[in-house]
Amino acid sequence: MLTIENLTIQYDQTKVVDNLNLVLGSDEILMLVGPTGCGKTSILRALAGLIPIESGSIQFGSWTATPKKTIAPEKRNLGMVFQDFALFPHLTVEQNINFRISDKQLADHWINILRIDSLRNAKPDRLSGGQKQRVALARTLAHQPKLILLDEPLSNLDAALKDELRWEIRQALKSAGVPAVWVTHDQDEALSVGDTVGVLREGKLEQLDTPKKCYSNPNNPFVARFLGEASFLAGEKNAETNMVTTLLGETPTFENENVTSKVDLLIRPDDLIIKANEHGVGEVIWARYEGSSRLYAVKLDDESVVKARSPHENQIEPGTRVSLIINTHHPLAAFNKSI
Amino acid sequence: MIRWPISYPFALIVALLAILPVVVLFVLASDSVQFFDAHNLKVLYNTLLLMFMTLIGAVIIGVPLAFLTTYIQLPMQRFWIVLYIAPLAMPSYLGAFTFYAAFGPGGEIKNLIGLSTPSIDGLFGAAIIMSLYTYPFVLLTTRAALSSLDASQVYAARTLGLSLAKSLWRVVLPRIVNGIAAGALLAAMYALSDFGTPAIMGLDTFTRVIYVEYNSFGLAQAAMLSIQLLVVVGLVLFVESRIKGTQEKPSQHLLFFPKPMQLTGMFLSTAPVIILSIILPLAIFFLWLWRDGAGHFDLSIAWNSAHASILAAVVAVILALPLAFAAIAGKLGRLLERIAFVGFGVPGIVMGTALVYVGLQLPFLYQTLGLLVLAYVLRFIPLAVSSIRAKTESLDGSLVNAARVLGANRYEALRRITLPLSMRGIIAGAALVFLESMRELPATLLLGPTGFETLATYLWRVYEAGYFGRAAIPGLLLILISAIALTIMLSGEAGVKTKLTKGPSK
Amino acid sequence: MQRRTFLQQLGALGLLGACPAILPQHLAAAPSMVSVKQLPKLKGELTLYLGRGEGGLYENVLDAIKKRNPDFDLKIRRGPTAALANAIVAEAQANVRRAEVFWAVDSGAIGLLTDKGLAQPLPEDLTSQLRPEFRFPNWAPVTGRIRTLAYNTERLKASDIPDSILALAESDLSIAWAPAYASFQSFVTAMRLLIGEQKTINWLKAMNKRAKKYAGELGVVLAAERGEVDLGLANHYYTLRLKSGKPDATVDLAFTNNDAGCLVNASGIVALKQSDTAINFIRYLLTTEVQSYLASEAYEIPLIGDLAPPAGLPALQTISPPKVDLTQLANLRPTLNMMRKAGVL
């Protein structure tokens, strides 16, 4: 189990990570996600022991690292997969994977699982990006770490490759039974791969929850916006019934005593059904073809803008008046009205 | 808690060693009568002027050649690179002497083909010759810098409307200033410490005055002047350390494929450099050989040169490693590295004298090969450091991190990752030290076992006596051995990776 | 002029040596000459510091000595004379004495060592082999060199050249010189000793206006031969060697009379340790064979007995070199200061 307590990391005078608290279970995959500069890579580096920490502690297995007591990277029993792969250019794939291990069987096991057997004798500069990342993963797994850190491992790869590899990595991690901290800036990745998602903003953890909770019940508008398309609808909340009344109708919300009557209701584009309707509540201002679906931005009569997603057959031209119906029965998140 | 990089203690030891001659100089100079006089001012002026002109000359020749050999796809690339670096194989005093013999009224050129040429002497003569024999330093460092730049910035500039020339000027040049400066620094320090060329060209520089004092038994005075020279050297080092470069991770650097006509044009425009620095001295050597006959030549002299130089190269590289790593690790490390650079600015005769005194305090060292090798190392270690640092700086930091996370401690990571990947820089550094040691003269005369003769000392004897024919064979041997070292040095480079990748890399 | 041609026609030295009647001789305290055959064999080791390199000639002498004495292990350290002299002084101070014999290009270097008391006395039977004016208690001159004016034969005739060094400053001839060269500095020191500091400075200043500097006296002679200047101040052997390699060279020798301009200086050898091996080695250098060889091949002036000077040079007696104590030429500091004051160095 990994325990991070009050972790602060500082560069010069700036706090890149501010008082972070986090616990990771023994085979959990935690996705750390956030905009550039939010400190996620720094957390990873501090976990690996590659950069010093200002205050707080990191405890894992038998060691605890504090500002006064640094534990060298090689003693932490971790594995790390880097964004630029960090394969040793002067060694072959096999030598890379076997870097510090003498038991070839371990290496062979992962080489087979990750399907890189034909590349054993190749040098890294001959490999494609996807192949390199598989080799990097094999290398890490073969050394049997107790925790794996992944630093945006897929960000240098093509989109098609990402999807395939994402799942393969997850399978490999689960099969190895090793917990992982996976840093990404891609929210699709964060939601689909992780057991837990941690959203970071400017060094602070905004929310640490399952993907579903982060997506459907975000702690604040920032998290809401970060994890997917988000529109906010003005509404009135009834504290007793936990229902919110909006221009588009009534809908249930989560019980939350911190949220008072005037609210902004979080509406995801998939929550709405859009239809052309002369007597509708708003007008389409733009439309975007997405292949399997279409995304519309609708300007409501109260001047607010909402986005709605619709199957691709439903083609509506900008300027058309439309009706919008909230299509969910589960609670939607509501936040105190800002401004 | 501050964690000192492991290189620091070793770097400190080497830096202290490098300072040793300076300490000796202070001790010797304490007997000195005069500190500074008006004559010194003129000498200082000449010295500084020569240094600046050499620097400028070396950059003017070296930078375009660096572009030519790095960004342009050449047939037989390695051959051209060796050719342009070849002047490093020639002792500059020999180059100076062949120039002197060739040009001017009564010169060989006039005698042979009747073409009247102006004499080459004085400040301009010295500057031209020094530029011709030091531009390879600039060429090497600039090449390293150029090959580490990503081409995409130039492409971006061109799409924004800049012509190729303007793009190179505004987008490439600023990013290689550090590389150029490193080479220019070496050229400047070489100019400061060289004796042969100013002497032959009749230019009064610090080294010449030091020599005069030395030859008139004014040892204290010579030491005092050497210290003054070292102040200039220190200033040069300081200025250079202020120039910062950019750190980049290139995917591919620029590469041009010119048409044969353009290629021929380029080669023709660089021909004068090669002709003057290599072909001319070689031609004069052959002329003397043919005219005066070779005389009896003992091959063991060549062996002496070679093995002393190889020893120096190996030791220099071993000592340079901690310095190079320290320089990358932090500010203090960089300071230590700078201190060790002092040796290159110390004239050979001064270094030799200082070490004679050291040797006398440690009699078991006195007049041994070890002391001579030490002199070579202290003089030329900056060359090795520059080479290694250039290569190591460009290494991906995450490689060492990856190794450490996999369980390797600092030493193992150094041994298995950093060192093998720095090998090119190490070999290049060793080759440079080898070359310079082969052609070193004044310190060699003073140190080393009695009776130990090198190609350089033999050439000096023969030149002083005027028996030029006998200079031909050792001269040609010197150039040959040096050329072999050059080729080895560049075998690592093998046409600086153009990465026209077979197979996708991203 | 005629004398010189005559001497040239006589050719090799051996002939000259065989015709003593042709040349006038001083007969006071006639020096005895020794042949190598009379010398005892050398045994053991000897470390020689050799302050001159003649690209093979001195090697030939030393090789011949080695060949003749198979049990003799001669270790030679070569280097610039001043560097070696400094090294010997430093060695003595640190008591790490390695040098046993020192053969120097110029008597100045010898003077440095005799002044510091490092030179061992030489036996009289050795010193008596030398001509009277070259006898010293603790060092032996080996071969002589004379200061000359090497002039360009296409530009000047011998009669155009003044025979007084001071007059040279007042003529309008262009000059080449090498002020950094040890022999030149000895010559200026001699001038200082002979005519005093003030006159020497004046002479230097006057000459400086028409003199071109060169690194060494080889360069000086080359310059004169090429016609870059009218004449150059140099040791005699440079011109003779140049002419031997290039018989049609447009340069020849002229001499001043009885002043520093025709100073006869000498290379010298000094023993730094009291040892028979050292002394006997020195004896070799003063034998007729070695001296004749050096005269004929290196064009230097033999200083023993009555051996005649090299081809191309008149006998010493026909020139009137000034009388100067060679060891005093070691006193260089005032000379250098003077030269600096005059803007020459």
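Domain bounds, as used throughout, come from an automatic or database domain assignment. On this basis chain A is divided into domain 1 (2-77 + 145-216) and domain 2 (229-336), and the C-alpha centres of these two domains of chain A lie 34 Å apart. The structure is a predicted model, in which local features need pLDDT of at least 70 and side-chain atom pairs count only at pLDDT 80 or more, whereas totals for chains, interfaces and linings use all residues. Residues are numbered from 1 along each chain as its sequence is written, while chains are lettered from A and ligands numbered from 1 in the order in which they are written.

Chain C is likewise assigned two domains, domain 1 (21-144 + 266-322) and domain 2 (145-263 + 331-341), with C-alpha centres 26 Å apart. Their contact takes 16 residues from domain 1 of chain C and 20 residues from domain 2 of chain C, two residues being in contact if their C-beta atoms, placed from the backbone, lie within 7 Å. The side of domain 1 of chain C that touches domain 2 of chain C is made up of nine nonpolar, five polar and two charged residues, where Ala, Val, Leu, Ile, Met, Phe, Trp, Tyr, Cys and Pro count as nonpolar, Asp, Glu, Lys and Arg as charged, and the others, Gly among them, as polar.

Between chains, 23 residues of chain A are in contact with 19 residues of chain B. Strand β6 (residues 78-81) of chain A contributes the largest share of the chain A side, three residues; helices (H or I, at least four residues) and strands (E, at least two) are DSSP runs, numbered from the N terminus. By class, this side of chain A comprises eleven nonpolar, six polar and six charged residues.

Within chain A, four strands form an open sheet in the order β2-β1-β4-β5, with antiparallel pairing, two strands being paired if DSSP finds at least two bridges between them. Its edge strands, β2 (14-24) and β5 (63-65) of chain A, each pair on one side only, and neighbouring strands are turned by 20° against each other on average, direction ignored. Strands β1 (residues 2-11) and β4 (residues 55-60) of chain A pair in the antiparallel sense over five bridges, and A:Ile4 stands opposite A:Ile58 in β4(A). Helix α1 (residues 40-48) of chain A packs on the sheet, touching β1, β2 and β4 of chain A, and its direction makes about 65° with that of β2(A); axes are lines fitted to C-alpha atoms, for helices over the stretch in contact, and angles run from 0 to 180 degrees between N-to-C directions.

Strand β17 (residues 293-300) of chain A is joined by seven bridges to the antiparallel strand β16 (residues 282-289) of chain A, and by seven bridges to the antiparallel strand β18 (residues 305-311) of chain A. A:Leu300 is the bridge partner of A:Gly282, and A:Arg309 in β18(A) is that of A:Leu295. The hairpin of β16(A) and β17(A) has three residues between the strands, with A:Gly291 in the turn at a positive phi of about 90°, whereas the hairpin of β17(A) and β18(A) has four residues between the strands, and A:Glu303 takes a positive phi near 75°.
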